[in-house]
Every structure is written in structure tokens, then in C-alpha cells.
Amino acid sequence: MFSSKSLSKMGCLLSFATLILLIAIAKRGSSKPSGVFPSQLETNSAIPEQNNSIGITVTPEDATVWASPLTEEEKNAKGTKEMRDYDDGDESHSGPSSISSPEVILWSKLRRKVTVRQSPYWARTQTIDLNENSMATINHSLMLINHLQDLLFNSNSSDIMLKVYTGNSDEVKVFHTHHLLLILQSDVFEDLLLNHSVTTLVLRETAECAALFETLIRYLYCGKITILLSQVVPLHKLASKYHVTALQHGIIEYMSKQLASASPRGHVVSWYHYSLRIGDKNLQESCMRFLAWNMSTVIHSKEWQTISDDLMISLLQRSDLVVENELEIYYGVEEWIKKNQPDILVTETVLKLIRYTMISPQSLFQIQKQSSVMNEHYNSVHNLFFLAFQFHSTSPLVFAKYFNVNCSLFIPRNYLSSSWGSHWVINNPARDDRSTSFQTQLAPSNYDASKKVTWNALFSPRWLPVSLRPSYSYSGNGAVQAFNPEETRPRIIITPAMNSANFAGVTFQKTILVRVKKDSRSYVKHIYDFHQSTEETGDFLLQADFQKHPSEYLIDNSLYLHIIIKPIYQSLIKAIK
């Protein structure tokens with residue numbers, strides 16, 4: 001028989017054993033490794049780990065997150081239901097009497113601890129891995145565009161009907177569209193649809209614009225369209241009318257890049273006139289430069305007759321026109337006058353812009369005798385003819401004493417004739433240095449027609465500018481300081497083969513034309529002007545990549561250059577721009 005005192009001790013031992021058992025059960029339910037004591041876990045949870053590499057404070061994944069203990073009032077208010085939540089269905093502790101039991105209270109705290117510890121991984125603060133290899137982009141934009149196309153083609157959920165009439169005719173095109181997409185892309189449509197009760201819009205367009213209205217709508221839905229050269233102007237008119245800004249800019253950029261594209265009747269002149277009407281200075285200058293640099297080709301094309309009076313005057317005022325000679329310009333202008341029949345003032349203005357001093361006396365006599373246009377308007381330009389004959393009959397130095405040679409009449413254009421330069425094709429230009437020689441006339445005056453200047457030209461694909469050249473200090477073993485090949489660039493050097501004292505007061509401007517090909521047509525894409533030695537000029541073919549296949553600078557793996565030497569009187573040096 002056990003005494004009451006012994007029974008009391010056994011009860012305490014039993015209670016203590018029960019407590020140890022409950023702690024063991026709780027530890028097995030958690031994810032903690034064996035051998036870790038509760039006091040250790042509590043200490044770890046109080047010290048967050050610092051990731052010094054990226055500056056983000058994180059909590060270690062193995063630390064225990066403790067829930068705040070319940071107050072006595074909360075425990076009494078929650079009652080049996082809360083104990084069942086903590087107990088995870090353990091029926092041995094359900095009931096009011098279990099709340100006051102010290103073993104059950106301890107079990108409740110342990111279960112609360114385990115519940116928080118087993119929360120999802122995304123709910124706990126973790127170390128962030130910023131390795132970019134773990135990053136990915138999910139792009140379903142094409143699927144979205146396809147859905148938008150289905151909306152347009154199938155008229156699904158359409159709430160706005162567009163009726164597009166062609167001019168004053170009864171021809172009409174109907175489009176079932178969506179209010180949201182229209183106002184997102186165009187503030188004009190947004191203004192027209194301010195009244196949300198509107199379900200139909202009636203629009204009137206010219207025939208050429210109405211034919212492309214479906215293309216405009218498709219762009220509003222898909223952001224992508226395919227157009228032809230003949231469609232860009234009417235489509236740009238639509239984009240401008242409805243303020244579709246992105247499409248406007250896209251078309252202008254397309255036009256700037258397609259100036260050299262082949263078309264049956266040509267398009268650069270018409271695009272210039274259109275850019276003038278819309279006030280786009282950049283496109284206007286691009287078209288003007290293309291026409292000037294390819295003037296010889298334009299003169300013999302169908303679009304030459306479509307040039308307006310103002311454009312013709314603007315072209316003839318330029319010194320960078322690329323033509324065979326000045327005589328080619330005259331006959332081109334004569335044909336233009338016959339076809340367009342401009343008024344007398346325009347005709348005389350155009351004829352006065354011909355640089356007759358750059359035409360030989362023999363050709364001037366031929367024009368006087370055979371040209372019907374010159375016979376009709378000779379009185380307006382006879383003084384220019386007389387000045388040209390005087391210029392050709394005497395020494396330029398003597399002529400300059402009595403006449404002002406500081407004007408455009410005495411500045412040569414970019415003439416392709418062999419008297420003014422030479423064509424040069426360089427095969428495989430990235431391979432090594434090349435050289436050539438050619439002759440030009442000393443001056444445009446016929447007085448010096450028999451005098452020639454011999455020129456030597458050197459092309460180097462890997463020339464090093466003076467500012468980047470090493471000092472060539474020799475080391476003990478005789479090695480020379482090296483340089484980086486990437487710092488080199490193409491260079492052309494043109495020098496006379498004779499003493500400059502023989503030039504009689506004439507200096508020379510050197511011009512390099514670079515021809516490229518597009519749609520089986522060659523055209524001048526770049527022009528470089530050098531007034532002195534070309535060796536130190538830094539922009540010659542600066543962006544050229546001869547290793548790239550195909551390269552925009554090469555035709556059949558060859559570099560097509562044309563060197564032009566322009567004799568300029570020394571008194572004109574300051575007038576050159």
C-alpha cells in the first residue's frame with residue numbers, strides 16, 4: 001500500500017512525464033532538426049540574418065516564428081472552438097474543463113507554435129536570389145494581337161459603326177469597331193465619341209484615302225501594317241487627320257529610308273512637295289539632298305517633269321549637284337521649260353542660275369545657235385554669256401582684277417566628267433592599302449585648258465589618327481609601342497604630284513562621292529568635302545563596316561568611290577561653306 005505522500009509524489013512524476021511527452025510530440029511535428037533545444041530556437045528567432053551582398057534583411061528559413069501569447073480574456077472568450085482549432089481535431093482536450101488544465105494550456109501554446117511554423121514558404125521572409133539566369137519573360141503579346149484581330153474581323157462586341165463615304169459619291173465602306181480602341185489610339189475619335197450614346201459615325205474621305213481606311217483601322221487594332229510606296233502619302237494623310245501620332249512618325253521614317261527605292265514613275269519629287277505642304281523640315285531636306293546628289297539620274301527620269309518651279313530654283317542654287325557637267329544641267333532645264341511652260345519670270349530666273357562660266361566656249365556657241373529656249377530668252381541672260389566668254393579668254397588672275405569672282409558663277413558643282421576627277425572601285429577594301437593616280441584640269445577657265453594636274457590617291461582601311469598615334473618609344477628588346485586596331489578608321493589621302501608653285505593662285509577642294517546600290521540601282525549616299533589635306537579629317541567613312549556582309553557601303557564586296565577635284569580661286573576660300 002502506498003502512503004498518501006507517496007501517491008502525491010507519483011502524481012507529480014506522472015504530470016512531469018506527461019509534459020515531457022507532449023514536448024516530444026510537438027518537436028516531432030515541427031521541421032526542426034534533432035538536438036535543437038527550444039531555448040536555442042527562441043534565441044535564433046530574435047536575430048534576423050543580414051544579406052550583406054544585396055542589402056536585404058531576411059529571416060533565416062530554419063528560425064521559429066512565435067505567435068504572441070493569448071491574454072486570459074481572449075482564452076476565456078474563444079472557448080472550446082479555439083482549442084479545437086489549435087488541437088487539430090484531438091478530442092481528448094475538447095471541452096471547458098480542458099481549458100483550465102496546465103497540460104492543455106501548454107499543448108495549446110505548442111500547437112500555436114507549430115501552426116505558425118508550418119505556414120507556406122511564400123508567407124515567410126526568405127533570402128532573395130538575384131541570379132539573372134533565374135529570370136524569364138513570358139510574352140503572349142502576339143496572342144493578344146490575334147484576339148484583337150478577331151474582334152475586328154468578326155465584329156465581336158462591336159459598339160461603334162463607321163460609315164466611310166468616298167468623296168461625294170454614294171460608295172460607302174462599313175466598319176464595326178469598338179469605342180475603347182478608337183479613343184485609345186486617336187484623340188479625334190475621342191472628341192467625336194464624347195457623347196456615349198453615339199453608335200454610328202459617318203466619315204467622308206478622298207478616293208485614295210478611303211481605299212486605305214481599312215489599313216488605318218487594322219493599325220488601330222494591331223499596331224502593325226504592311227504598305228507600298230504608293231500608299232504612304234494617303235495613309236499619312238489619314239494618320240494626320242485622326243491624330244494617330246505613332247503611325248505618322250513611322251510613315252515619315254519609312255519615307256526617309258526609301259528614297260532610293262525603285263518605282264515606275266519615281267516618288268522623291270512628290271514626297272518633297274508633300275513634305276513642303278505638311279511642314280516636315282527633316283523629310284524635306286532628305287528629299288532635297290537625294291535629288292541634288294543624284295541629279296544626273298533624276299534629269300533623265302520621268303519625275304524630272306514633275307518638279308515645281310520653286311523646287312527647280314532651289315536645286316539650281318546648290319553647288320553640290322552631282323551631274324556629268326554643267327551642259328547636262330542646261331539641256332535638262334531646257335526640256336523642263338518646254339514641258340511645263342512656266343511664266344516668263346520663272347523661266348528667266350531658272351536660266352540665270354545656269355553657271356555658264358563652267359561651260360566651254362564651243363558649247364556656249366552651240367547653245368546660242370541651236371537652242372530655241374535660249375533664242376527666245378537670250379536678252380535676259382546675254383550679259384552672263386558675255387561674262388563667260390571673257391572668263392575663258394584671259395588668265396584667271398587677270399580676270400579677278402576686274403570682276404568679282406567671289407560668287408557662285410565661278411564655283412564648280414560636283415561634275416562626274418573625267419576632266420574633273422576619276423572613278424575608283426576598290427575591291428575588298430578591308431584587305432590592305434590601295435593607291436591610284438589620275439589627272440584633272442588646272443582651272444575651269446578655257447585659258448588653262450592645256451594645263452593638267454596629276455594626283456596621287458591613297459586609301460587605307462586601317463589609318464590611325466594623329467591624336468591616337470603612339471610615340472614609338474623603343475624598349476630594351478627593340479619592340480615598338482603597339483596600338484589598338486579598333487582605334488583605326490578608313491582614310492583617303494589625295495596629294496598633287498607636282499609643285500604647288502605651278503598652281504597660279506588656285507587652290508583645290510577635294511570631294512569624295514560614295515555610291516551604294518539598292519533595288520539594282522546605284523546612287524550617291526555619302527559626300528565628303530575636304531578643302532585641304534584629307535589625312536586629318538575625321539568623318540570619312542567613320543561608320544563604315546567593311547567586314548559586315550552585306551555592308552551598306554559596298555557593292556558586290558567593292559567600295560565605289562568617285563574623286564572630284566574642284567579648282568577654287570584663292571579669293572573664294574572664305575566663301576566656301
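Mentor: Begin with a definition. A crossing is right-handed if the near helix is turned clockwise from the far one by less than a right angle, and left-handed if anticlockwise. Keep in mind that this is a predicted model. Here α13 passes α15 in a right-handed crossing.

Trainee: At what angle do the axes of α13 and α15 cross?

Mentor: At roughly 60°. Helix α13 covers residues 281–293, and helix α15 covers residues 309–316. Their axes come within 11 Å. That angle makes α13 oblique to α15, because roughly perpendicular only begins at 65 degrees.

Trainee: Which residues of α13 and α15 meet?

Mentor: From α13, take M288, L291 and A292. Their partners in α15 are L311, S314 and L315. Sorted by class, this contact has 5 nonpolar residues, 1 polar and no charged ones.

Trainee: Which residues of α13 are buried?

Mentor: The list is L283, Q284, S286, C287, M288, F290, L291, A292 and W293. These buried residues pack against helices α11 (245–257), α12 (268–278), α14 (295–299) and α15. They also pack against strands β6 (322–323) and β13 (521–530).

Trainee: Why does Q284 count as buried?

Mentor: Buried means under 20% relative accessible area. Q284 has 15% relative accessibility, so it counts as buried. Leaving out residues up to four places away in sequence, Q284 touches Y272, S275 and L276.

Trainee: Now V269. Where is V269 found, and is it buried or exposed?

Mentor: V269 is found in helix α12. At 1% relative accessibility, V269 counts as buried. Beyond its neighbours within four places in sequence, V269 is in contact with L291, E303, T306, I307 and L311. Look at E303: it lies 34 residues from V269 along the chain, yet their C-alpha atoms are separated by 6.6 Å.

Trainee: How many helices and strands are there in the protein?

Mentor: There are 20 helices and 14 strands. Of the 577 residues, 40% count as buried. Among contacts with a separation of 6 or more, 66% join residues 24 or more positions apart.

Conventions
Residues are numbered from 1 along each chain as its sequence is written. This is a predicted model: local features need pLDDT of at least 70, side-chain atom pairs count only at pLDDT 80 or more; totals for chains, interfaces and linings use all residues. Side-chain values use heavy atoms; hydrogens and water are left out. Axes are lines fitted to C-alpha atoms, for helices over the stretch in contact, and angles run from 0 to 180 degrees between N-to-C directions. Helices (H or I, at least four residues) and strands (E, at least two) are DSSP runs, numbered from the N terminus. Angles under 35 degrees count as roughly parallel, over 145 as roughly antiparallel, 65 to 115 as roughly perpendicular and the rest as oblique. Contact means heavy atoms within 4.5 Å. Ala, Val, Leu, Ile, Met, Phe, Trp, Tyr, Cys and Pro count as nonpolar, Asp, Glu, Lys and Arg as charged, and the others, Gly among them, as polar. Buried means under 20% relative accessible area, exposed over 50%, partly exposed in between (1.4 Å probe, protein chains only).
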